[in-house]
Amino acid sequence: MSSDAADAYERHAAGFLAARDHSSVGSKVVARWAQTLPAGASTIELGCGGGLPISKTLIDAGLNLHAVDSSPSLCAIFQTRFPDVPLQCARVEQSDCFGRQFHAVVAIGLIFLLPESDQQRLIRKVATLVEAGGRFLFTAPLETGEWSDANTSITCRSPGQDHYVSGLRAAGFARLAVLKMLAPTTTMTLCGQAELLCPASGAMRTTA
Ligand SMILES: C[S@@+](CC[C@H](N)C(=O)[O-])C[C@H]1O[C@@H](n2cnc3c(N)ncnc32)[C@H](O)[C@@H]1O
């Protein structure tokens with residue numbers, strides 16, 4: 001997998017934090033979503049950054065959080081802020097994600113940083129991390145296209161809603177939903193939610 005986004009966020013960690021620490025983008029939809037999970041649900045956040053505002057929102061919701069991020073600088077800040085949260089400083093594609101499954105997986109602002117083929121690999125990896133009946137919340141544009149990441153200027157790519165939906169279904173996710181994250185006039189700001197169904201008889205099944 002490409003290391004571009006991981007390297008870029010490490011290089012731009014200070015500038016990213018300066019902006020993100022004062023931004024509430026995503027926190028409301030994450031807070032509402034967290035309330036729909038079982039109390040204390042085991043949750044892993046992929047690409048947690050410095051933990052504000054998303055990790056804090058998950059913790060405040062009472063979830064049992066684990067986290068992964070590739071940036072040593074952001075991980076160091078995260079650890080000072082949330083010393084009780086188990087944290088792996090690793091690329092998600094290389095992390096063993098604590099060698100266990102979780103009820104919920106959260107990836108805010110991560111998937112579209114990866115090359116398209118790696119995005120699908122990540123969805124398949126998430127499917128192995130989520131317990132049967134568990135949930136996956138992530139952000140990705142509904143639109144198809146490329147744009148320059150505001151934090152690092154790297155090129156981000158979205159294959160679009162149909163591609164994400166078919167990729168999620170192929171990985172075993174169902175009960176897909178799109179949650180609006182920002183004003184409808186703003187593009188590339190939507191949250192996708194998916195639920196991994198319990199395999200019926202050894203094989204993963206999907207429903208519409
Ligand atoms: C746009 S920021 C989002 C951070 C956080 N989720 C938030 O909403 O504030 C993307 C994060 O993904 C991390 N990242 C980039 N590539 C990664 C990779 N391959 N594996 C793990 N983390 C990665 C970056 O270090 C950065 O913290």
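Touching, or being in contact, is meant here in a simple way: the C-beta atoms of the two residues, placed from the backbone, lie within 7 Å. Before going on, please note that this is a predicted model, in which local features need pLDDT of at least 70 and side-chain atom pairs count only at pLDDT 80 or more, while totals for chains, interfaces and linings use all residues. Residues are numbered from 1 along each chain as its sequence is written.

The largest nonpolar core has 55 residues, and L58 is listed with V105, A107, I111, V126, V130 and F136 as having the most contacts inside it. Such a core is a set of buried Ala, Val, Leu, Ile, Met, Phe, Trp, Tyr and Cys residues joined through C-beta atoms within 7 Å. The word "buried" means that 20 or more other C-beta atoms lie within 10 Å of a residue's own; with 12 or fewer the residue is exposed, and in between it is partly exposed, all with C-beta atoms placed from the backbone. By that rule, buried residues make up 43% of the 208 residues in the chain.

Now for the overall layout. The chain has 7 helices and 9 strands. These are DSSP runs numbered from the N terminus, with helices being H or I runs of at least four residues and strands being E runs of at least two. Of the contacts in the chain with a separation of 6 or more, 66% are between residues 24 or more positions apart.

Which way do neighbouring strands run? Strand 1 and strand 2 pair in the parallel sense over 5 bridges, where pairing requires that DSSP finds at least two bridges between the strands. Within this pair, I44 stands opposite H66 in strand 2. Strand 2 is mostly covered, with 5 of its 6 residues buried. Strand 4 and strand 5 also run parallel, joined by 5 bridges. Here A107 has F138 in strand 5 as its bridge partner. Strand 5, residues 130–139, is mostly covered too, since 7 of its 10 residues are buried.

Next, look at the ligand. Of the 21 residues around the ligand, Y9, G47, G49, S71 and G109 come nearest; a residue counts as near when its C-beta atom, placed from the backbone, lies within 6 Å. Helix 1 (4–11) and strand 2 (64–69) are the elements that give two or more residues to this shell. Helix 1 gives the most, with 3 residues. By type, the shell divides into 11 nonpolar, 6 polar and 4 charged residues. In this sorting, Ala, Val, Leu, Ile, Met, Phe, Trp, Tyr, Cys and Pro are nonpolar, Asp, Glu, Lys and Arg are charged, and the others, Gly among them, are polar.

Most residues other than glycine have a negative phi, and most peptide bonds are trans. In the loop between strand 1 (42–46) and helix 4 (54–60) we find P53, which is joined to L52 by a cis peptide bond with omega of about 5 degrees. The loop between strand 3 (87–89) and strand 4 (102–107) holds C97, whose phi is positive at about 50 degrees although C97 is not a glycine. F98 sits in the loop between strand 3 and strand 4 as well, and its phi is also positive, near 70 degrees. C97 counts as partly exposed because it has 19 C-beta neighbours inside 10 Å, and F98 counts as partly exposed because it has 16.

Another cysteine, C75, lies in helix 5 (residues 72–81). With 22 other C-beta atoms within 10 Å, C75 is buried. Apart from its neighbours within four places in sequence, C75 is in contact with D69, L87 and C89.

Finally, turn to helix 7 (residues 161–170). Its buried residues are Y164, G167 and L168. Seen down the axis of helix 7, they fall within an arc of 100 degrees, so they line one face of the helix; the arc is taken from the directions from the helix axis to the C-beta atoms. An α-helix has 3.6 residues a turn, so residues three or four places apart point the same way. On the other side of helix 7, D162 and S166 are exposed. Just after helix 7, G172 takes a positive phi of about 105 degrees.
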